[in-house]
Amino acid sequence: MYLMKKKYLFSLILFLGVRAITFAQPSIEYEANRLRLNDIVQKTVVDYFPAGDSGEDVLWDFRDVVSEGECYHVEFCCDSDSVFLSIDPSTLCKYDQTEDTLKLLGYETPLKFMSYESPIPLMAYPFHYGDYMETPYLGTGHYCKTLQMDNSGTLSVEADATGSIILADEDTLRNVLRIHIIKTTSVNLYHPNDTMAVRESAGNLKQEIEEHYQWYARGFRYPVYETSTLTCYDDLTLVSCVQTAYRNLPNEQILLNDSINEEIQRQDSLTMAEEIDIFPHEVSFNGNTLILRYDQLADANITALICNAQGMVYAQQSTHQPSGESYQMSFDCGGLRRGEYILYINVNGKVYNEKFQVK
């Protein structure tokens, strides 16, 4: 039985809009995405694939990205001087990591050693869609421990896309931010006892262009997919182009026991649950009786009000129902004056509005 007493419900503030349910925009954050000491990240090698579109709300379909069966580990640790390191089977990188920036100090491979005069910013915290940074750099080192190696160039980092990744049928990662990195390098190789003129001659110059894409999914610390293209030139003549791709899927990152990202996932799961419509319904009005027919896809507390545009409540019903089908509420509207009214429905906190006209 609904109430026929007239009263004002100021707390609804005219209740004319449905509550918006949105996720936080994906971004790279220090606490959620910094390189973490003692983490061991597994990267699975997959077939190289095109990066796809840039922009907002992009849908990347990676269902056909096939694993090559090979995987390797990246370990994060510190050396005896407390310099932060990443170590994989082919490369050791040195970093300076603070709460606002991740910077590359240098790297080592079995053939190369490189140290940069000024650390190169690889990531700023936080980093949002549309953010861009570009840095020139200089570095010195050696090649095969016999040739001196000078590097100079530019590194740019851009958050160029947001969207969702389809991993498999009925398995989609949402709130994904893609990072696009381009590193251009001029490489000068020479013997330590070469004269300055020989060192600067064109015959010693090599060029490298590296292009990387990284897909970060909100709630996971490390990229879930990566691609890399390294193109090498000898005095501007193409020598080689090597393309690789990797993945580090959510089920692998869960093993890292990351409490910060676990909480982000939990909050996003709650938001997703709110976003699911558990209340398919329809409203009919014959001039005297308004009928609300509905199904419930989950147990729910339901409150329904009939109000006018000024927030005056003319009728109210509340109920708690288990999940089921073919439920109904009826409202006698025979005593209402002519005009426009709103049926306000609150289902477990999600609001629906239906307008109707009394003639």
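A disulfide is a pair of cysteine sulfur atoms within 2.5 Å. The views below come from a predicted model.

**Figure 1. Cysteines in a structure with zero disulfides.** The sulfur of Cys 232 has its closest cysteine sulfur in Cys 241, at 8.5 Å, which is too far for a bond. Cys 232 is buried, with a relative accessibility of 18%. Cys 144 is partly exposed, and its relative accessible area is 36%.

**Figure 2. The protein as a whole, as a guide to the close-ups.** Four helices and 23 strands make up the list of elements in the protein. The protein has 359 residues, and 44% of them are buried. Among contacts in the protein with a separation of 6 or more, 59% are between residues 24 or more positions apart.

**Figure 3. An edge-to-face pair formed by Phe 49 and Tyr 225.** The structure has 18 aromatic pairs. In the pair shown here, the ring centres of Phe 49 and Tyr 225 are 5.9 Å apart and the ring planes stand at 85°, so the pair counts as edge-to-face. Phe 49 is in the loop between β3 (40–46) and β4 (55–61), while Tyr 225 is in strand β15 (residues 225–234), so the pair ties together parts that are 176 residues apart in sequence. Phe 49 is buried at 7% relative accessibility, and Tyr 225 is buried at 2%. Both residues belong to a cluster linked by ring pairs, together with Trp 60, Phe 62, Tyr 213 and Trp 215.

**Figure 4. Lysines over tyrosine rings.** Lys 43 lies over the face of Tyr 246, and the distance to the ring centre is 5.6 Å. Tyr 137 has the charged end of Lys 183 over its ring, 5.4 Å from the centre.

**Figure 5. A salt-bridge network that includes Arg 36.** The structure contains eleven salt bridges. Some of them join Arg 36, Asp 39, Arg 221 and Asp 258 in a network. Between Arg 36 and Asp 39, the closest N and O atoms are 3.0 Å apart. Arg 36 also meets Asp 258 in a salt bridge, with an N to O distance of 3.9 Å. This second pair links distant parts of the chain, 222 residues apart: Asp 258 is in the loop between α3 (250–253) and α4 (259–275), and Arg 36 is in the loop between α1 (30–33) and β3. The relative accessible area of Arg 36 is 17%, so this residue counts as buried, since the limit for that class is under 20%. Asp 258 is buried at 7%, and Asp 39 is buried too.

Figure 6. The side chains of Arg 178 and Asp 160 meet with an N to O distance of 2.8 Å. Arg 178 is buried, with a relative accessible area of 1%. Asp 160 is buried as well, at 8% relative accessibility.

**Figure 7. The largest nonpolar core, seen around Ile 179.** This core has 37 residues, and the members that touch the most other members are Ile 28, Met 123, Phe 127, Val 157 and Ile 179. Elements giving two or more residues to the core are β3, β5 (67–78), β7 (92–97), β8 (101–108), β9 (112–124), β11 (132–143), β12 and β13. Leaving aside residues up to four places away in sequence, Ile 179 touches Ile 28, Met 123, Phe 127, Val 157, Glu 158, Ala 159, His 212, Tyr 213, Gln 214 and Tyr 216.

**Figure 8. Another core, apart from the largest one.** This core has 24 residues, including Ile 278, Ala 304, Leu 343 and Phe 356.

**Figure 9. Gln 25 and Arg 218, which are 193 residues apart in sequence.** The C-alpha atoms of Gln 25 and Arg 218 are 8.6 Å apart in space. Gln 25 is in the loop between β1 (7–8) and β2 (27–28). Gln 25 is exposed, with a relative accessibility of 58%.

Definitions and conventions: Residues are numbered from 1 along each chain as its sequence is written. This is a predicted model: local features need pLDDT of at least 70, side-chain atom pairs count only at pLDDT 80 or more; totals for chains, interfaces and linings use all residues. Side-chain values use heavy atoms; hydrogens and water are left out. Rings of Phe, Tyr and Trp (its six-membered ring) pair if their centres lie within 6.5 Å; planes under 30 degrees apart count as stacked, over 60 as edge-to-face and the rest as tilted. Buried means under 20% relative accessible area, exposed over 50%, partly exposed in between (1.4 Å probe, protein chains only). A charge sits over a ring if NZ of Lys or CZ of Arg is within 6 Å of the ring centre and within 35 degrees of the ring normal. A salt bridge is a side-chain nitrogen of Lys or Arg within 4 Å of a carboxyl oxygen of Asp or Glu. A nonpolar core is a set of buried Ala, Val, Leu, Ile, Met, Phe, Trp, Tyr and Cys residues joined through side-chain atoms within 4.5 Å. Contact means heavy atoms within 4.5 Å.
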